[in-house]
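Visitor: Hi! Could you walk me through this one, starting with the ligand?
Guide: Happy to. Let's bring it up and look together.

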Amino acid sequence: MGDLYERLVDCRDVLAERTGCERHDVVAVLGSGLGLYPGTLKDAVAVAYRDLPGFPIPAAAGHAGTAYSVQMGKNRVLLLSGRAHAYEGHAMDVVTFPVRTAILAGCRSVLLTNAAGGCGDGIAPGDLVLITDHVNMAGFSALKGQNDDRLGPRFPDMSDVYTPELRRRALAAAERAGVALKEGIYFWWQGPMFETPAEVRLTRQLGGSLVGMSTVPEATAARHMGADVLGISLCTNFAAGIAAHRLSGEEVMETAAVAAEKFCSLFDELLPTL
Ligand code: HPA
């Protein structure tokens, strides 16, 4: 086993061989319940994560563990259906490994999607929400540990994690697709338990609109490597304490399935433009 950089390079080479594509331009991570999208595309080349050395095999429900390589307009797009979460016990360099591999394979733009709880004004289950910024409430960082200068700087700037130009393109794509796209700040909580009502109130008081258990590690690693990042959440439920009923993973999956069509229409418009 080499160091992280060498393992990433090895995996990048296997990805090129398996997909028959030396380079990719855009990578999109498909969150909970969004795994059906690749099935709507013609000529996508599928590679199982187990054939990509170093890719974590996702355990969470709704996370498949398959990579797809497909041409969309000018872009060769890598769709990653399924992600590993910190709450599964993975080290941060495992959680961020697929996105880092994709960036080494040439991806300049990283689209991260997720299911999230909504707590912001005007945000309701079924809404798609463009992430404008994030707050790390998990208490640890994707970049903790020794820095490898080949990947990025020790102290990367986080002023514009979610690239303004890509956000403009996302809003334009949503308009063309006829899909409403709201905007909000995403708070990363470690999980796997849903937040408490007090944690959700704290999030709201600090200006957060969304609570979720993913995305921030990958966004951080991608910015570390200098890639542009876009984040889109599907609000699957009112966050704890806002609705009267208790939360469950099943509710998240059900809403994700209902809203999947909107997400697909948005992706069709957006991915060729990133
Ligand atoms: N909290 C955290 N993560 C989530 C939620 C939530 O309410 N819904 C979907 N993912």
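**Around the ligand**

Guide: This is a predicted model. In it, the ligand is surrounded by A115, A116, G117, F194, E195, V211, G212, M213, T236, N237, L247 and V252.

Visitor: What kinds of residues are in that shell, by class: how many nonpolar, polar and charged?
Guide: The shell around the ligand has seven nonpolar residues, four polar ones and one charged one.

Visitor: How far is the side chain of E195 from a nitrogen atom of the ligand?
Guide: An N or O atom in the side chain of E195 sits 2.7 Å from a nitrogen atom of the ligand. N237 also brings in a polar side-chain atom, at 2.7 Å from a nitrogen atom of the ligand.

Visitor: Which elements give two or more residues to the shell?
Guide: Those are β5 (109-118), β8 (210-212) and β9 (228-238).

Visitor: Which one gives the most?
Guide: That would be β5, which supplies three residues of the shell around the ligand.

Visitor: Let's zoom out. How many helices and strands are in the protein chain?
Guide: The protein chain has seven helices and nine strands. Its radius of gyration is 17 Å, close to the 19 Å that the globule rule gives for 274 residues, so the chain is as compact as a globular protein of that length. If you trace the C-alpha atoms along the principal axes, the chain spans about 50 × 40 × 35 Å.

Visitor: New topic: empty space. How would you find where it is left?
Guide: You roll a probe the size of a water molecule over the atoms, and that shows where empty space is left. Here, the count comes to two cavities of 30 Å³ or more.

Visitor: What volume does the largest cavity have?
Guide: The largest cavity has a volume of about 70 Å³. Among the residues lining it are V29, Y49, R83, P98 and E218. By class, that lining divides into eight nonpolar, one polar and two charged residues.

Visitor: And the second largest pocket, how many residues line it?
Guide: The second largest pocket is lined by 19 residues, with L4, D93, A142, K144 and Q146 lying nearest its centre. Its volume is about 310 Å³. Both α1 (4-19) and α2 (92-95) supply at least two residues of this pocket's lining.

Visitor: How does that lining split by class?
Guide: The pocket's lining has seven nonpolar, five polar and seven charged residues.

Conventions:
Residues numbered from 1 in each chain as written. Predicted model: local features only at pLDDT ≥ 70, side-chain atom pairs only at ≥ 80, totals over all residues. Heavy atoms only, no water. 1 Å grid on protein atoms, 1.4 Å probe; cavity = no way out; pocket = protein on both sides within 12 Å on 5 of 7 lines; lining within 4 Å. Points joined across faces, edges and corners; volume = space filled by probe spheres on them. Helix = DSSP H or I, 4+ residues; strand = E, 2+ residues; numbered from the N terminus. Nonpolar A, V, L, I, M, F, W, Y, C, P; charged D, E, K, R; others polar. Near = heavy atom within 4 Å. Polar contact = N/O pair within 3.5 Å; in protein donor to acceptor, adjacent residues only side chain to side chain. Rg over C-alpha atoms; globule rule 2.2 N^0.38 Å.
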